[in-house]
Amino acid sequence: MSHGPRSGLTAVSSALLAMSRHLEVRDVLKTIVASARELLDAQYAALGVPDDHGGFAQFVVDGVSDEQWKAIGPLPRQHGILAAMLHEATPERLGDVRKDPRFGGWPSAHPDLVDFLGLPIRDGDEVIGALFLANKNCPKPTGTCGFTQDDEELLGILAQHAAIALTNARLYERSRELTIAEERSRLAHELHDAVSQKLFSLRLTAQAATALVDRDPARAKGELHQVAMLAAEAADELRAAVVELRPAALEEDGLVATLRTQIQVLDRAHTARVTFTGRGVKALPAAQEEAMLRVAQEALHNALRHSGAAHVDVTLHRRGTATVLRVTDDGYGFDPRTVRRAGRHLGLVSMRDRANGTGGRLTVLSAPGEGTTIEMEVPGG
């Protein structure tokens, strides 16, 4: 087999080793795409990881400059050839992708693709991605594909190892999340034990003081001093746990400043315009501020990764005696009832639990083609 300047077993081995070297999902995706393009000597390569809403949660390209990629615009939808690879789960090798009946065009800034080779990436029966190459660097008569059957077989081997590398990276990220959750659980358990012991001592000491008030006021006074000391110790235990569990930026800067900073970063990092307005909001209890921050982060993640929105607006304001967080996007929208029936919650369950856990409520307004609004309301502020 001849596959350009780095053909042969050494090149394949190097590509597979590079894939297994990374633990972050994004790094693994970039390595897969770069390895595929170099091994098969193509001008362009891309890998898309589908979401549950007709788009891509992640889409990585190689051979396209950052300026070109920004000019192309939002992530592609799952249609045409991409849909065929994801839903029919079959390889596609075409002499001119533009002449395929499924071809639906591309944005004006998109590079011109001609010959095309694409394969699904499978984890068992599940298709977890689509890997494709375009514009083989070789002489080819008009209308013929530069990619050969050998290329398809080599890309198939690469796709199999890509599935393993991607699955391992996802497991690593999941294990890291579980480690954080386990640490928080450990802290909660320690907090429960420590405070329970203090409260038990408080109760016994208060009972002793009550029994001594009439017959030995001096001893009762001593017991009450002990009650005050135990109460102070219990408060210190709680304060220490809250400081350890609460995000540092939130502790130092408060909810409004923390949201403003994070949204400024997101606005710079994404093609969508992300704006924030906070007005008339006073400090809330720590639990409410953390819940609001986490809900905002989850809603922003959904809007920026899945909705195809051009604009996402976050507001934090007072409504009567309550504080309201609202995250609104102008994206594709969805039917909340369909999402629930399909078991795909978009984080709605965790957001609703966070709101309910702080005495608040969560409202979700969305419909296909009409964008989405997530609103969380808590008392106070």
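User: Which values of relative accessible area count as buried, and which as exposed?
Analyst: This is a predicted model, and relative accessible area is computed with a 1.4 Å probe on protein chains only. A residue over 50% is exposed, and one between the two limits is partly exposed. Buried means under 20%.

User: Is E377 buried or exposed?
Analyst: E377 is found in strand β10. Its relative accessible area is 16%, and the limit for buried is under 20%. E377 is therefore buried.

User: Which side chain does E377 join through a polar contact of 2.9 Å?
Analyst: Leaving out residues up to four places away in sequence, E377 touches R319, A322, T323, V324, G360 and R361. The polar contact of 2.9 Å runs between the side chains of E377 and R319. The partner is R319.

User: Which residues are joined into one network with R326 and E375 by salt bridges that share partners?
Analyst: R326 is partly exposed at 25% relative accessibility, whereas E375 is buried at 14%. Salt bridges with shared partners put both residues in one network.

User: Which parts of the chain does the salt bridge of R102 and E92 tie together?
Analyst: The closest N and O atoms of R102 and E92 are 3.0 Å apart, and the cut-off for a salt bridge is within 4 Å. R102 is partly exposed at 29% relative accessibility, while E92 is buried at 9%. The two residues are 10 apart in sequence, and the pair ties the loop between β3 (92–94) and β4 (116–123) to strand β3.

User: Where do R98 and D112 lie?
Analyst: The side chains of R98 and D112 meet in a salt bridge with an N to O distance of 3.0 Å. R98 is partly exposed at 34% relative accessible area, and D112 is partly exposed at 41%. They are 14 residues apart, and each lies in the loop between β3 and β4.

User: How many salt bridges does the structure hold?
Analyst: Among them are the pair R102 and E92, the pair R98 and D112, and the pair R326 and E375. The total for the structure is 14.

User: How many disulfides does a search of the whole structure find?
Analyst: C138 is in no disulfide, and its nearest cysteine sulfur is that of C145. The search of the whole structure gives a count of zero.

User: What share of the residues counts as buried?
Analyst: The protein has 10 helices and 10 strands. Its accessible surface is about 20000 Å², with 53% belonging to carbon and sulfur atoms. Of its 381 residues, the buried share is 41%.

User: Among contacts between residues at least 6 apart in sequence, what share joins residues at least 24 apart?
Analyst: Contact here means heavy atoms within 4.5 Å. For the protein, the share is 62%.

Note on methods
Residues are numbered from 1 along each chain as its sequence is written. This is a predicted model: local features need pLDDT of at least 70, side-chain atom pairs count only at pLDDT 80 or more; totals for chains, interfaces and linings use all residues. Side-chain values use heavy atoms; hydrogens and water are left out. Helices (H or I, at least four residues) and strands (E, at least two) are DSSP runs, numbered from the N terminus. A polar contact is a pair of N or O atoms within 3.5 Å; within protein, one must be able to donate a hydrogen and the other to accept it, and residues adjacent in sequence count only if both atoms are side-chain atoms. A disulfide is a pair of cysteine sulfur atoms within 2.5 Å. Accessible areas come from the Shrake-Rupley method with a 1.4 Å probe; for residues, only the protein chains shown count as cover.
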